[in-house]
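Subject: Structure handover

Hello,

Here is the structure we spoke about, with notes on what turned up in it. Please keep it open beside this message as you read.

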Amino acid sequence: MDVEGLRRNVAYHAERDRLTVVVGGGYGEGWKLGLDERREVVAAAVAGARRQMPVMAGVIGGYRISIEMARNAQKAGADALVIFPPRGRHWRAENYFEFYKDIIASVSIGAVVLPSGQHDFWPKVLIRLAEIPNMIGFFPSLGDDEDYYPRTGGQILKAVAKPLLFMAENEPAASASFSRGSRAYSTAAAALAPEASRRFWKHGVAGETTRMEEVLKTELDPILKIRGYRPGYGISGIKVAMEALGRAGGPVRPPGTQVDPADRAGIAEILRKHPETRDLVVEDFA
């Protein structure tokens with residue numbers, strides 16, 4: 001684990017961009033880090049951010065482990081948590097509510113939760129969770145139904161008594177969710193093309209759908225081809241792209257798919273064709 005490399009990567013954006021960095025979340029890091037490693041990752045991101053941009057820390061695991069992760073993240077200086085759901089889709093509304101409630105209440109920093117599964121009870125669960133003072137938002141994946149979570153998110157925003165941040169995961173979910181009240185989205189593309197990601201977001205939240213789609217088509221889709229360069233490159237491809245730009249990347253842990261050395265030059269070529277990255281690619285990278 002390259003803690004110093006992560007710190008430098010975050011510092012790079014802190015000097016140039018006004019973004020929020022999310023670490024230790026999802027299926028890239030979420031299921032592959034130990035508790036001590038996770039605390040180190042959050043501390044490194046906080047050190048790199050230097051209070052120039054917020055740091056959100058992923059919480060992903062079983063009940064007791066999640067509470068410990070949450071507390072460790074707060075101690076390491078995180079500004080907020082992104083809490084992932086328990087494994088399995090058969091839980092009832094009260095099961096999810098109790099799980100999230102206890103984790104959120106274990107800390108004083110902000111908390112964003114991820115709904116799991118397309119259940120009709122999610123609006124009521126999130127409305128109840130919104131009564132916890134440090135519950136600040138929700139962050140659903142798009143799932144199998146491209147309309148379910150955007151529609152549900154709009155219902156929640158209308159029903160809660162306090163403002164909540166409705167976040168979206170990646171460009172497809174954001175495109176469907178901005179018109180339903182989403183005001184933030186996460187994307188790996190921002191690590192490579194932050195200005196394009198910002199323009200996509202800015203047009204989306206302003207309701208400028210045509211301009212949003214144009215940025216997606218001409219500036220983000222070309223970069224996101226790295227994630228689909230080969231099956232399994234969703235994470236490792238971005239890490240190699242970071243290396244091509246002179247930043248820290250490194251291998252993925254099992255069961256992740258490593259980039260074939262023969263594909264490194266092709267990934268670098270994608271970066272050389274993009275206006276935000278073409279002048280940043282390390283010479284003779286391969």
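**Contacts of Trp 122**

Leaving aside neighbours within four places in sequence, Trp 122 is in contact (heavy atoms within 4.5 Å) with Tyr 96, Tyr 100, Pro 115, Ser 116, Gly 117, Tyr 148 and Tyr 149.

Before the rest, the ground rules. This is a predicted model, in which local features need pLDDT of at least 70 and side-chain atom pairs count only at pLDDT 80 or more, while totals for chains, interfaces and linings use all residues. Residues are numbered from 1 along each chain as its sequence is written, and side-chain values use heavy atoms, with hydrogens and water left out.

**Cores**

Trp 122 is also among the residues with the most contacts inside the largest nonpolar core, together with Leu 81, Ile 83, Tyr 100, Ile 104, Val 113 and Leu 129. That core has 58 residues. A nonpolar core here is a set of buried Ala, Val, Leu, Ile, Met, Phe, Trp, Tyr and Cys residues joined through side-chain atoms within 4.5 Å; buried means under 20% relative accessible area, exposed over 50%, and partly exposed in between (1.4 Å probe, protein chains only). Helix H5 (residues 93–105) supplies the largest share of this core, six residues. Another core, of 31 residues, lies apart from it and includes Phe 178, Phe 200, Met 212 and Phe 285.

**Overall**

The protein has 12 helices and seven strands. These are DSSP runs numbered from the N terminus, helices being H or I of at least four residues and strands E of at least two. The radius of gyration is 19 Å, close to the 19 Å that the globule rule gives for 286 residues, so the protein is as compact as a globular protein of that length. The radius is taken over C-alpha atoms, and the rule is 2.2 Å times the number of residues to the power 0.38. Of the 286 residues, 50% count as buried. Among contacts between residues at least 6 apart in sequence, 65% join residues at least 24 apart.

**Sheet**

The seven strands of an open sheet run in the order E1-E2-E3-E4-E5-E6-E7, with parallel pairing (two strands pair if DSSP finds at least two bridges between them). E1 (21–23) and E7 (184–186) are the edge strands; each has a single partner strand, so one side of each is left without a neighbour in the sheet. E6 (residues 165–169) pairs with E7 in the parallel sense over three bridges, and Ala 168 stands opposite Tyr 185 in E7.

Val 55 belongs to strand E2 (residues 55–59) and is buried, at a relative accessible area of 1%. Beyond four places in sequence, its contacts include Val 21, Val 23, Ala 45 and Ala 78. From Val 55 to Arg 7 is 48 residues in sequence and 12 Å in space, C-alpha to C-alpha.

**Helices H9 and H10**

In H9 (residues 194–205), the buried residues are Pro 194, Ala 196, Ser 197, Phe 200, His 203 and Gly 204. They pack against helix H1 (3–16), helix H8 (170–177), E7 and helix H10 (209–224). Just after H9, Gly 207 takes a positive phi of about 80°.

Glu 219 sits in helix H10 and counts as buried at 16% relative accessibility. Not counting residues up to four places away in sequence, Glu 219 touches Ala 196, Arg 199, Glu 214 and His 274.

Regards
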